[in-house]
Amino acid sequence: MPRIALTREVSDAIARCELTHIARQPIDVRRARAQHAEYEAALRELGCRVERVPAAPEFPDAVFVEDAAIVFSELAVIARPGASSRRGETESVARALSAYRRVVPIREPGTLDGGDVLVAGRTAFVGRSTRTNDAGIEQLRRAVSPLGYTVVPIPVTGCLHLKSAVTEVADGVLVFQPDWVAADFFRGFEAIPVAAGELYGANALRIGDRVIYPAGFPKTAEQLAERLADRAVSLRLVEADELAKAEGAVTCCSLVFDA
Ligand code: CIR
């Protein structure tokens, strides 16, 4: 079964992206595109078939396709982004996903960003954030609890999305930023804190036994490599600092799933 990675071109308008927790600074679109192409190359190297959703130059944040949907084995939940500037991004992502999954939309008054949903086994942790509200979480629960998923809401403060604060790096193993999320939520999981000073180091993209990870957090990378070695999981580093200026990280730029 092929593994698909949906991605989308960096918009020419990325300079007008949404920003919540960081100050605006100039973004070099060419450099952002070069790093994004390197990221897509890493996805291919790790066995994914990269499919680009049609470009959406009118949406500054369109490259961050993760926020538009959450893909489960059984269905895809189409998000309703908390930022109104991003709502128009979902239609084309839903169209692309409908080739592979039944799609279930989050509806008004619900809001939900894909970046707030961390699926680990049959648990879906959902950040209650500036982007995701209780109605969105409840609609997600209704869509996936009949399939055997447990939906666990987690308050998110200090960062944009739940997955800014915690991601899965191997079965049952998480990397997390203790400043933003409490380890208590993850009982039964091994939770590895980011290294001191590496604030944004908790966003990693696991693909099977490889983990796409930003080169900008070397101390956390070293710790992860050590902790994951006996599970035969290894890191694939990528440069991701240009899109980090748009508050994006490595999970945000793709939707990875088995066809
Ligand atoms: C936003 O604020 O929506 C974008 N500038 C960044 C989105 C990053 N997405 C993610 O973490 N899943």
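Predicted model: local features only at pLDDT ≥ 70, side-chain atom pairs only at ≥ 80, totals over all residues.
Three strands make up an open sheet with mixed pairing, in the order S3-S4-S5. From one strand to the next, the twist averages 20 degrees.

Strand S4, which covers residues 75-78, runs parallel to S5 and is joined to it by 4 bridges; across this pairing, Leu-75 stands opposite Arg-102 in S5. Helix H2 (residues 90-97) packs on the sheet and touches S3, S4 and S5, with a direction that makes about 175 degrees with that of S4. Helix H3 (residues 134-144), for its part, lies across S4 and S5 and runs at about 165 degrees to S4.

## The sheet S6-S7-S8

A further open sheet is formed by 3 strands in the order S6-S7-S8, and here the pairing is mixed. The edges are taken by S6 and strand S8 (150-155), each of which has a single partner strand, so one side of each is left without a neighbour in the sheet. With direction ignored, neighbouring strands of this sheet are turned against each other by 20 degrees on average.

Strand S7 (residues 123-128) and S8 run parallel and are joined by 6 bridges, and within this pairing Phe-125 has Val-152 of S8 as its bridge partner.

## The largest pocket

The largest pocket has a volume of about 920 Å³ and is lined by 32 residues, of which Val-71, Val-119, Glu-168, Arg-206 and Val-256 lie nearest its centre. At least two residues of this lining come from each of S3, strand S6 (117-120), strand S9 (166-170), strand S12 (205-207) and strand S15 (255-258). Sorted by class, the lining of the largest pocket holds 15 nonpolar, 8 polar and 9 charged residues.

## The second largest pocket

For the second largest pocket, the volume is about 490 Å³. Its lining consists of 27 residues, and those closest to the centre are Tyr-200, Phe-217, Ala-244, Gly-248 and Ala-249. The elements that give two or more residues to this lining are helix H4 (162-165) and helix H6 (241-244). By class, the lining of the second largest pocket comprises 11 nonpolar, 10 polar and 6 charged residues.

Note on methods. Residues numbered from 1 in each chain as written. Heavy atoms only, no water. Pairing = 2+ DSSP bridges. Axes fitted to C-alpha atoms, helices over the stretch in contact; angles between N-to-C directions. Contact = heavy atoms within 4.5 Å. 1 Å grid on protein atoms, 1.4 Å probe; cavity = no way out; pocket = protein on both sides within 12 Å on 5 of 7 lines; lining within 4 Å. Points joined across faces, edges and corners; volume = space filled by probe spheres on them. Nonpolar A, V, L, I, M, F, W, Y, C, P; charged D, E, K, R; others polar.
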